[in-house]
There are 2 protein chains.
Amino acid sequence: MSHDKATVRAILDAVKLAGRESLTAPEGKRVCDAYGISVPQEGVANSAAESEKLAIAMGFPVVMKIVSPDILHKTEAGGVVVGISNAQEASKAYQTIIENAKKYKADATILGVQVQQMIQGGQEVIIGAVTDPSFGKLVAFGLGGVLVEVLKDITFRLAPATKADALSMLDGIKAAEMLKGVRGSDPVNREALANLIVSVSDLVNDFPEISELDLNPVFASKNTAIAADVRIVVDFVAKIPRYRPPENEVLVSMKRIMQPTSVAVIGASNENGKIGNSVMKNLINGGYKGQIFPIHPSASEIMGHKAYKSVKDVPQEIDTAVFAIPAKFVAGALIECGEKKIAGAVLIPSGFAETGNVALQEELVAIGRKYNIRMMGPNIYGFYYTPSNLCATFCTAYDVKGSVALSSQSGGIGMAIIGFSRSAKMGVSAIVGLGNKSDIDEDDLLIFFEQDPNTNVIAQHCEDLKDGRAFAEVARRVSKKKPVIVLKAGRTLAGAKAASSHTGALAGNDKIYEDVFKQIGVIRARSLRDLLDFARGVPILPTPKGENIVIITGAGGSGVLLSDACVDNNLTLMPMPEDLDAAFRKFIPPFGAAGNPVDITGGEPPLTYKNTVLLGLSDPRIHALILGYWHTIVTPPMVFAKIMVEARDEMRAKGIDKPIVASLAGDVEVEEAAQYLYEHGIPAYAYSTEIPVAVLGAKYQWARGAGLI
Amino acid sequence: MSHDKATVRAILDAVKLAGRESLTAPEGKRVCDAYGISVPQEGVANSAAESEKLAIAMGFPVVMKIVSPDILHKTEAGGVVVGISNAQEASKAYQTIIENAKKYKADATILGVQVQQMIQGGQEVIIGAVTDPSFGKLVAFGLGGVLVEVLKDITFRLAPATKADALSMLDGIKAAEMLKGVRGSDPVNREALANLIVSVSDLVNDFPEISELDLNPVFASKNTAIAADVRIVVDFVAKIPRYRPPENEVLVSMKRIMQPTSVAVIGASNENGKIGNSVMKNLINGGYKGQIFPIHPSASEIMGHKAYKSVKDVPQEIDTAVFAIPAKFVAGALIECGEKKIAGAVLIPSGFAETGNVALQEELVAIGRKYNIRMMGPNIYGFYYTPSNLCATFCTAYDVKGSVALSSQSGGIGMAIIGFSRSAKMGVSAIVGLGNKSDIDEDDLLIFFEQDPNTNVIAQHCEDLKDGRAFAEVARRVSKKKPVIVLKAGRTLAGAKAASSHTGALAGNDKIYEDVFKQIGVIRARSLRDLLDFARGVPILPTPKGENIVIITGAGGSGVLLSDACVDNNLTLMPMPEDLDAAFRKFIPPFGAAGNPVDITGGEPPLTYKNTVLLGLSDPRIHALILGYWHTIVTPPMVFAKIMVEARDEMRAKGIDKPIVASLAGDVEVEEAAQYLYEHGIPAYAYSTEIPVAVLGAKYQWARGAGLI
């Protein structure tokens, strides 16, 4: 498609010069022409006779509209007449429109009346672009009409949107079927529509001063997609871009912070109950092997480590400084850190923006920028990095090593992460508090965890994204390599209000988060437990190689609920091929049900579970298994658990590794069996059919987003 | 509204006599007239001239349609012409329609051409009625148009529907806003629409032979609601009604079964591992105080109880017989039970309909009916009734008494219920297995639990309802007194397929279950964990007296997620009145946020939690509290838990009792605190913001349905 930037530049310059905030319809048409956006034939008439002539030339029916920079809402002003079917009507419409416009706004500058070919038929759709404070330019797509407005059935993508993005938008609305042709109507031309979306996306991306754009309606037919009306709003006030260091610099700093060879504790204390005491204990008891430098105004030694008055007195290099001093002393100590060339400051203290003390926080930001210190917080619990046995926090130590890195914006949620992790023996590589996010935020963490060999999955809780655009850029790349799971709090208006009172952050339009997360391959957790369960289960599952899932269950009732859960989580139950059905039937009682779910029935011995699971793993048509276990005397929970791990290991030895999840129905012994299975790489849940399937669903969502299936 | 049953009777009789399966348009109009359903003016023309005359009399525009019992799909046959605007067009339309009809079906009987006033404007809607195999007659409502069809935006109610039901349907579709007038259009006449729905509902209720009815479209305007077309399908084959004993008889039997003074164990055994041995152990070790009669072909004593060859040999009366013998012996033993006048048979054995042995199960049903024995199962784990210390099951004993009665159709789900209950120390009055539901089903249980003083909440898992109509009738009444929570498995097509392979039951249309449950006040659990969490939490919550909810949180981050959860669960965060805001602020640090959530901030001592909660409980404008606890050294978990119970008790002593739920964020100690809170009447959950709010939401949903708020 032709992109005539010079023409658009000239039009926008003229609009800017005239001090206008929007384009006239003819200007809009010229912009569309410049970007290959199809619009109807049209012309501007300055007399009734001229309108007749134009209309006859382009063919009836036509629409006529007022052209005036002073009249933005043309319909409201009585400035639009549709369905004009002959010359006489055109002449009359011209007069009516001019009269109405004068009545509506006596001093309006009237540039004429636009005569436009009236496009009808096909499906009415809307294509638009908006500017989001966090994500920047977004394109939007939806059906036209009031009903769609009522149902808020619209979808967004970050601009620039690719052709694939655009095509996904056509399937991304609830009413997608309407575009495929229903009740005998023709399907729309998907190519033409997608091209239109891409052109709009390119346009707003090339010209950031276009703050809003609406093609409404677009008539999408079998052959074409033509925008019947265009509205373009501009904003020439330049935005100050957020400060973002280059990624290589981010990485250098983040490595020093997360994997320090030495840590200073500013405000270290021998006194029990003090935060500086807890931090020291955690560093020492957590087993950190690097050097620890307590900083204290008077003490010569703290907990067996030589203490210093200032970081500047420490003879060696320091990577990370953990702050455990009152807010008012932070700025001073931070300058010393800067002078000492410390890479990062972990700002535990509160009393900054979250308590209204915005100025004090801004002071820290300025110091950090000046000395190139990256800051975590303030107002945080600190962070854990288990591969280094590093517990730089006042909470208790955490020692179950694993491959998921978690972070939270809120301290309370961070505590819930720590508690759940410990309780569920979740294997963790890092837990990081981000708090006020004065500096380090989610995308900095992503840049570090992307290359961290100890981290396979990244799970983040956030209330806002200070720079959604930057997050999206990094997350889109990282999510191709490692699953990125995000719990975005403040989803609802009430939640957003609470978020804004909590952190001073304005929550974005949730639908935008929803769609952008999908676009960039981020898995969205719907609840805190989902975040935690996904963080725990997703890293230990191998990546599926295809969509075919088989349920093998001892409890028919579980089979039904597991099937429901598959649908809820967008998973495909493989239609069972006849030969495979027969193969399964060999192992199960005659009254058991093959098909999918494979119902082996309740009274079966361990061998039946094993044989059917081995078959499920070995048949190349099956890509993942969901197990429904039913506690019986014949196959007790731990016997089941052990035989499942055996079966999986046998197949792994043959080079076959497929995701398996399990739902365990039974008495309390199933909890131990579930834990055993989890610790051996099979996410398993007692008393739940929905959680194991949701975890598998999250893994699938990631694999699809990363293009692996 | 006039209900002229005689006219409808006569029309239907004529249709039956003619062997037809549907009504002609004029017949449909007469039925509508008889039930006060507004339809356009119309007449039948038998010549072009007559059609002109009729059209002139009723005024243009008109629609003309073929009238033929042999042509049901009029449009397809070219038998419909719309928008006829003058006499000449009418004459021409007459000829076209007759010609098309003859082309479509040469031998069709043509009764003439209907000329009908063309109603336009307003909102097009659809009102209909269907016959569901389980629920019987249902009325349906939705907007007209293809888009609505694509979005499946339709809502159902059991017929007969009340005016209130009908009004709720107008709000029950996703596009409800369309009826209220959007973008300057008029709102519809809600009264007129609701009356139309009620008339349709009355009609199908009065005449069960009407199997389907469609008013499509109905034009709903500011003043009226007129059905532009009616389609009525009939089915004169009489349905055999399901056998239902009178409710007083059900209750007598159910009381004897659930609260027996004596229990026989048919197939009792001294041998470990046998089901008859497990049942004996559970009865004895469970502490059952009634008489236990082991039945065994040869033993003289089993586990210290005198054994008998047959129940008929037992000298005393027996209320309940638990079967632990192979399927093939069940029928014989059941006859003996009948002769002994035993009230109920608990049929643990499998090997009946679930394994394809339908005939054997039907034999049991016949015996049960003959001797008036009510049967639980077959193919079940048995049941628990804790107030009588009765464990009539082969699973392990259960002893945490409480007020929730649970049941499951599936044995596996039953085991999950038992395991969860034990693990979470859930207070239970009963757990019942229903299995194949040859006889006793969900509505029988409801009838018993309705009057059982030991049961306050009823929670049921089911895959199908054999008689949805009977369930609805009972549940509608019971749910006014006690919350009824149902997990309907087989929600999705895949799930329904699995259900049908599992139990031979066909899952109903899920949207019908969804709407009927709402109509009758049943709380629907979306997942197994939801069922279990609601069963555990709802009974211990007092009933709220109003919709105003306040969140009090130490963790701002929890406040955000709790607010999201309130919206998700249809709960109202009270806008904080100024005086109350000021009152809260007195207790919290200056940087804490009042408003709602009340954010007391993280570092506060127990007294801050207590003071704010006392204020929340004492202010009469607040009806329920959601607490967000954040684990700190200053207020450890158990200290928080105890002080919350104290605060609640202080207010209870003053006669104030409001629902409180809590979300606990912290290290593993919060689990103990959550358990303590639960045991003291405050549902509390560790590491979750969504579960406590969902539990509160379930209580609210019940209270609203029962008309208590």
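1. In this predicted model, strand β15 (residues 320-323) and strand β16 (residues 344-347), both of chain B, pair in the parallel sense over four bridges; strands are DSSP runs of E of at least two residues, numbered from the N terminus, and two of them pair if DSSP finds at least two bridges between them. Within this pair, Ala321(B) stands opposite Ala345(B) of β16(B).

2. The two strands belong to an open sheet of five strands in chain B, ordered β12-β11-β15-β16-β17 with parallel pairing. Its edges are β12 (291-295) and β17 (374-376) of chain B, each of which pairs on one side only.

3. Turning to helices (DSSP runs of H or I of at least four residues), α22 of chain B, residues 669-679, has Val670(B), Ala673(B), Ala674(B), Leu677(B) and Tyr678(B) buried, where buried requires 20 or more other C-beta atoms within 10 Å of the residue's own, with C-beta atoms placed from the backbone. These residues lie on the same side of α22(B) because they cover an arc of only 140 degrees around the axis, the arc being that of the directions from the helix axis to the C-beta atoms. An α-helix has 3.6 residues a turn, so residues three or four places apart point the same way.

4. Just after α22(B), Gly681(B) takes a positive phi of about 90 degrees.

5. Residues are numbered from 1 along each chain as its sequence is written, while chains are lettered from A and ligands numbered from 1 in the order in which they are written. Local features need pLDDT of at least 70 and side-chain atom pairs count only at pLDDT 80 or more, whereas totals for chains, interfaces and linings use all residues.

Conventions. Buried ≥ 20, exposed ≤ 12 C-beta atoms within 10 Å, placed from the backbone.
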